[in-house]
Amino acid sequence: MRIRGFTLIELLVALAIIATLLTLVTPRYFGSIDKAEEATLRQNLAGLRDVLDKHYADTGKYPVSLDELVTKRYLRQVPQDPITKSTQTWVLVPPEDKALGGVFNVRSGAQGVGRDGTAYREW
C-alpha cells in the first residue's frame, strides 16, 4: 500500500497562487478599512452635533463639555474618533456668545485628509 502525498513543486505552485491572490486583495482590504473609518467619523460627528442641538433646545444653553452630555443622559458615552482611536481628541468649538455655554460644535482632532481631499479637522 502506497501513501500518496504532495510534492514540493505542487506545494510551491499552491503557495504562489495564494501569494498572487493576496497581492490583489490586500490593497482593497485596507482601502475599505479607511472608507469605513471615514464613514464612522462622519456619523459620529453628525450624532454629536444633533445631540448638541437637542441639548440647546431643551436648556437654552450649550453644554460645558461632552461629558456633560453623558451625565445628563443625552449620550451613553462620548463616541470615539475612529481616526485617532480616542475620545479625548475631539476639538470643541465654543459659541460666539460665551454666555451660551462651552460646546457649540465638534470637529475631529485627526491629522491628515480624507478620501475626498478635505482635512479631517474641517469636517
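**Entry 1: the core**

I began with a term: a nonpolar core is a set of buried Ala, Val, Leu, Ile, Met, Phe, Trp, Tyr and Cys residues joined through side-chain atoms within 4.5 Å. Buried means under 20% relative accessible area, exposed means over 50%, and partly exposed lies in between, with a 1.4 Å probe and protein chains only.

Before going on, I noted that this is a predicted model, where local features need pLDDT of at least 70, side-chain atom pairs count only at pLDDT 80 or more, and totals for chains, interfaces and linings use all residues. Residues are numbered from 1 along each chain as its sequence is written, and side-chain values use heavy atoms, with hydrogens and water left out.

Which residues touch the most other members of the largest nonpolar core? I found L41, L45, L48, L66, L69, W90 and V106, in a core of 15 residues. The largest share, 5 residues, comes from α1. In soluble globular proteins, nonpolar side chains tend to be buried together.

I then listed the contacts of L41, where contact means heavy atoms within 4.5 Å. Leaving out residues up to four places away in sequence, L41 touches D81, P82, I83, W90, S108, Y120 and W123.

**Entry 2: overall layout**

I counted 2 helices and 2 strands, and from the N terminus on they run α-α-β-β. The radius of gyration is 24 Å, well over the 14 Å that the globule rule gives for 123 residues, so the protein is more spread out than a compact globule. For the record, that radius is taken over C-alpha atoms, and the globule rule is 2.2 Å times the number of residues to the power 0.38. Helices (H or I, at least four residues) and strands (E, at least two) are DSSP runs, numbered from the N terminus.

The C-alpha atoms fill a box of roughly 90 × 35 × 20 Å along the principal axes. Buried residues make up 24% of the 123 residues. Among contacts between residues at least 6 apart in sequence, 48% join residues at least 24 apart. The protein exposes about 9000 Å², and carbon and sulfur atoms supply 59% of it; these areas come from the Shrake-Rupley method with a 1.4 Å probe, and for residues only the protein chains shown count as cover.

N44 sits in helix α1 and is buried, with a relative accessible area of 18%. Not counting residues up to four places away in sequence, N44 touches P79, Q80, P82 and W90.

E68 is in helix α2. Is E68 buried or exposed? At 17% relative accessibility, E68 counts as buried. Beyond its neighbours within four places in sequence, E68 is in contact with H55 and P63.

**Entry 3: the loop between α2 and β1**

Most residues other than glycine have a negative phi. I found R73 with phi near 70°, a positive value in a residue other than glycine. R73 lies in the loop between α2 and β1 (91–93) and is exposed, at 75% relative accessible area. K85 is in the loop between α2 and β1 too; its phi is near 60°, again positive in a residue other than glycine. K85 counts as partly exposed, at 49% relative accessibility.

Q88 has its place in the loop between α2 and β1 and counts as exposed at 68% relative accessibility. A polar contact of 3.2 Å joins the side chains of Q88 and T87. Here a polar contact is a pair of N or O atoms within 3.5 Å; within protein, one must be able to donate a hydrogen and the other to accept it, and residues adjacent in sequence count only if both atoms are side-chain atoms. I also checked Q88 against E122: they are 34 residues apart along the chain, and their C-alpha atoms are separated by 17 Å.

**Entry 4: aromatic rings**

Rings of Phe, Tyr and Trp (its six-membered ring) pair if their centres lie within 6.5 Å; planes under 30 degrees apart count as stacked, over 60 as edge-to-face and the rest as tilted. How many aromatic pairs are there by this rule? I got 4.

Y29 and F30 form an edge-to-face pair, 5.3 Å centre to centre with 70° between the planes. F30 is partly exposed, at 49% relative accessible area. Y56 and Y62 are stacked, 4.5 Å centre to centre with 20° between the planes. Y56 is partly exposed at 32% relative accessible area, whereas Y62 is buried at 11%. Ring pairs link Y56, Y62 and F104 into a cluster.
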